Amino acid sequence: MPKMKTKKASAKRFTLTGTGKVKYKKMNLRHILTKKSSKRKMHLRASGILSEDSAAKIRKQQLPYD
């Protein structure tokens with residue numbers, strides 16, 4: 001039987017926490033930052049936690065390394 005492979009796109013974007021939650025970096029902090037307020041940029045810096053419905057899908061993509 002061939003090896004089970006991780007979806008590399010998923011592995012680069014998401015990490016699993018110790019409790020099994022899925023952590024990700026928020027979008028919209030790469031360019032065109034002058035029109036965004038400091039408060040908005042500050043909140044975008046913090047990492048987000050995926051909802052449980054979406055997290056199950058991501059965990060399945062990263063199955064070999066759960």
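**Sheet, pocket and helix**

Modeller: In this predicted model, three strands make up an open sheet with antiparallel pairing, in the order β1-β2-β3. The edge strands, each pairing on one side only, are β1 and β3 (48-49).

Biologist: Which residue of β3 is the bridge partner of Y24?

Modeller: The strands β2 and β3 pair in the antiparallel sense over 2 bridges. Y24 takes part in a bridge to β3, and its partner there is G48.

Biologist: What is the volume of the largest pocket, and which residues are the closest to its centre?

Modeller: The volume of the largest pocket is about 180 Å³. Its lining has 13 residues, and the closest to the centre are R13, Y24, K25, K26 and R30.

Biologist: Which elements give two or more residues to the lining of the largest pocket, and how many of the lining residues are charged?

Modeller: The elements that give two or more residues are α1 (8-13), β1 (14-16) and β2 (22-24). By residue class, the lining divides into 4 nonpolar and 3 polar residues, and the charged ones number 6.

Biologist: Is K8 buried or exposed?

Modeller: K8 is placed in helix α1. Its relative accessible area is 56%. Exposed means over 50%, so K8 is classed as exposed.

Biologist: What distance separates the C-alpha atoms of K8 and Q62?

Modeller: Along the chain, K8 and Q62 are 54 residues apart.

Notes
Residues are numbered from 1 along each chain as its sequence is written. This is a predicted model: local features need pLDDT of at least 70, side-chain atom pairs count only at pLDDT 80 or more; totals for chains, interfaces and linings use all residues. Side-chain values use heavy atoms; hydrogens and water are left out. On a 1 Å grid over the protein atoms alone, a cavity is a set of points where a 1.4 Å probe fits but cannot get out, and a pocket is an open set with protein on both sides within 12 Å along at least five of seven lines; lining residues have an atom within 4 Å of a point. Grid points are joined across faces, edges and corners, and a volume is the space filled by probe spheres set on the points. Helices (H or I, at least four residues) and strands (E, at least two) are DSSP runs, numbered from the N terminus. Ala, Val, Leu, Ile, Met, Phe, Trp, Tyr, Cys and Pro count as nonpolar, Asp, Glu, Lys and Arg as charged, and the others, Gly among them, as polar. Buried means under 20% relative accessible area, exposed over 50%, partly exposed in between (1.4 Å probe, protein chains only). Two strands pair if DSSP finds at least two bridges between them.
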